[in-house]
Amino acid sequence: MSRNHKLLVKNAKQVVLICNNGEKYLTKHGMNNLSVIENASVVIGSDGLIRAVGPAETIRTQYSESSFDNVIDATGMCVLPGLVDAHTHPVWAGDRVHEFAMKLAGATYMEVHRAGGGIHYTVEHTRAAAASDLLTSLRSRLQRMQRAGTTLVECKSGYGLELQTELKMLEVIEEARSSLPINISSTYCGAHAVPKGKTVAEATENILQVQLPWLKELMSAGRLQVHNIDVFCEQGVFDLVSTRAILQAGKEMGLNINFHGDELHPMNSAEMGAELGALAISHLEEVTDEGMVAMAKAKTAAVLLPTTAYILRLPQPRARDMLDAGVIVALGSDFNPNAYCCSMPVVMHLACVNMRLSMTEALAAATINAAFALGHSDTHGSLEVNKHGDLLILNATRWEHLIYQLGGHQEVIRFVVIGGNVVYDNDKTLDL
């Protein structure tokens, strides 16, 4: 055993492991029985992986002759896994603050879309933006997420809708991955909307014959790391036939299927996604009972986005029905110009109040299950030996304060740690 380690977090009031038996995800029963150790410590090795988690006295004895680059005394504090945001659109130019007033006045998502706003407004500005400007704004957004406790985030393209801008967005995500500590799962979402002047068939053909072949070549050459493929399957956007063709082509390239489905209308997206072996489907406000059963059987995660239903005044996803059906429920912020939220603690709070999740269910959905939805639950989402040393330290004696205090995470999160390195040291926390 090496005697030199990167970090010791000692004497925590609570350490929330989430899992302790290598579970890749949790369903209803497991989500209500999280693994928590009182008066515990965590050791992160020089490689950034967790070496030990256990009672403080046991760790003190086992590592009595070890040295640490950094020691954090967490007496009276709580330690949690870093949060995982399973759905974001963080690369774009041109905010849509003006559309908020339209929505408050009663305009629907598709009414804004048809009026030239929504995705098309952002596409116009993103196409015109320099890659350097997109990178600057992306870095700022990811740093805000990091300060709110997110240590693994999914990042989509999708505001290009043509080859050059989609590649520009993916290259910006790649640059952020290499220059920031936050872990990134990259998603190609060229089928986010049908470009102006094109039919669904024409847009689908362009993706299949132009965009995906280029993407495959760049991935094969090692110039891009892309993990997931996404399509907005919706009335007036991509129908089931076109969605299936694009997702299947991405799957054949080795990409995980992780797409938007059943948001505004019941499209039977869940049934189709389960049939294709989708890793995850997002939104699902209008999922059918049959779709839930299919997802549970296929082990396709449901990435629920409480911010979207909140901002658009949509019916909430039926989280409780999904849990009862055995679906793997995860959470994401859906950060984008329409739903501008960087905070997974706020997302968890909304999930508890509006979707009726318990706090333990919300935390599991924002850690191990969100990691599963991104294909990373073997390395992230819980505090277990040999997983990445990504964690939060709260200035609170109960972990629930992270969810309970609506918008209070700025004063609760004391440290954010990624790979054993402190990436956020917040001396502005307040005593309860």
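Okay, the lining of the largest cavity: it splits into 5 nonpolar, 7 polar and 3 charged residues. By class I mean that Ala, Val, Leu, Ile, Met, Phe, Trp, Tyr, Cys and Pro count as nonpolar, Asp, Glu, Lys and Arg as charged, and the others, Gly among them, as polar. That cavity holds about 130 Å³ of space. Of its 15 lining residues, the ones closest to the centre are Tyr109, His192, His283, Asp334 and Asn336.

Before I go on, this is a predicted model, where local features need pLDDT of at least 70 and side-chain atom pairs count only at pLDDT 80 or more, while totals for chains, interfaces and linings use all residues. Residues are numbered from 1 along each chain as its sequence is written, and side-chain values use heavy atoms, with hydrogens and water left out.

So what's a cavity here? On a 1 Å grid over the protein atoms alone, a cavity is a set of points where a 1.4 Å probe fits but cannot get out; a pocket is an open set with protein on both sides within 12 Å along at least five of seven lines, and lining residues have an atom within 4 Å of a point. Grid points are joined across faces, edges and corners, and a volume is the space filled by probe spheres set on the points.

By that rule there are 3 cavities of 30 Å³ or more.

Now the open space. The largest pocket has a volume of about 630 Å³. Of the 25 residues lining it, Arg144, Ala339, Tyr340, Cys341 and Cys342 are closest to the centre. By class, this lining has 14 nonpolar, 5 polar and 6 charged residues. Which helix gives the most to the lining of this pocket? That's α3, with 4 residues. Helices (H or I, at least four residues) and strands (E, at least two) are DSSP runs, by the way, numbered from the N terminus.

On to the packing. Nonpolar side chains tend to be buried together in soluble globular proteins. A nonpolar core here is a set of buried Ala, Val, Leu, Ile, Met, Phe, Trp, Tyr and Cys residues joined through side-chain atoms within 4.5 Å. Buried means under 20% relative accessible area, exposed over 50%, partly exposed in between (1.4 Å probe, protein chains only). The largest core has 114 residues, and Leu142 and Leu331 touch the most other members. Apart from it lies another core of 20 residues, with Leu7 and Ile37 among them.

Take a look at isoleucine 246, in helix α9 (residues 240-252). Its relative accessible area is 0%, so isoleucine 246 counts as buried. Leaving out residues up to four places away in sequence, its contacts (heavy atoms within 4.5 Å) include Ala191, Leu208 and Phe238.

Next, helix α10 (residues 269-276): 6 of its 8 residues are buried. Among what covers those buried residues are α9 and α11 (289-298). Just after α10, glycine 277 takes a positive phi of about 75°.

Last stop, a hairpin. Strands β2 (residues 35-45) and β3 (residues 50-55) run antiparallel, joined by 5 bridges; two strands pair if DSSP finds at least two bridges between them. There are 4 residues between β2 and β3, and glycine 48 in the turn has a positive phi of about 85°.
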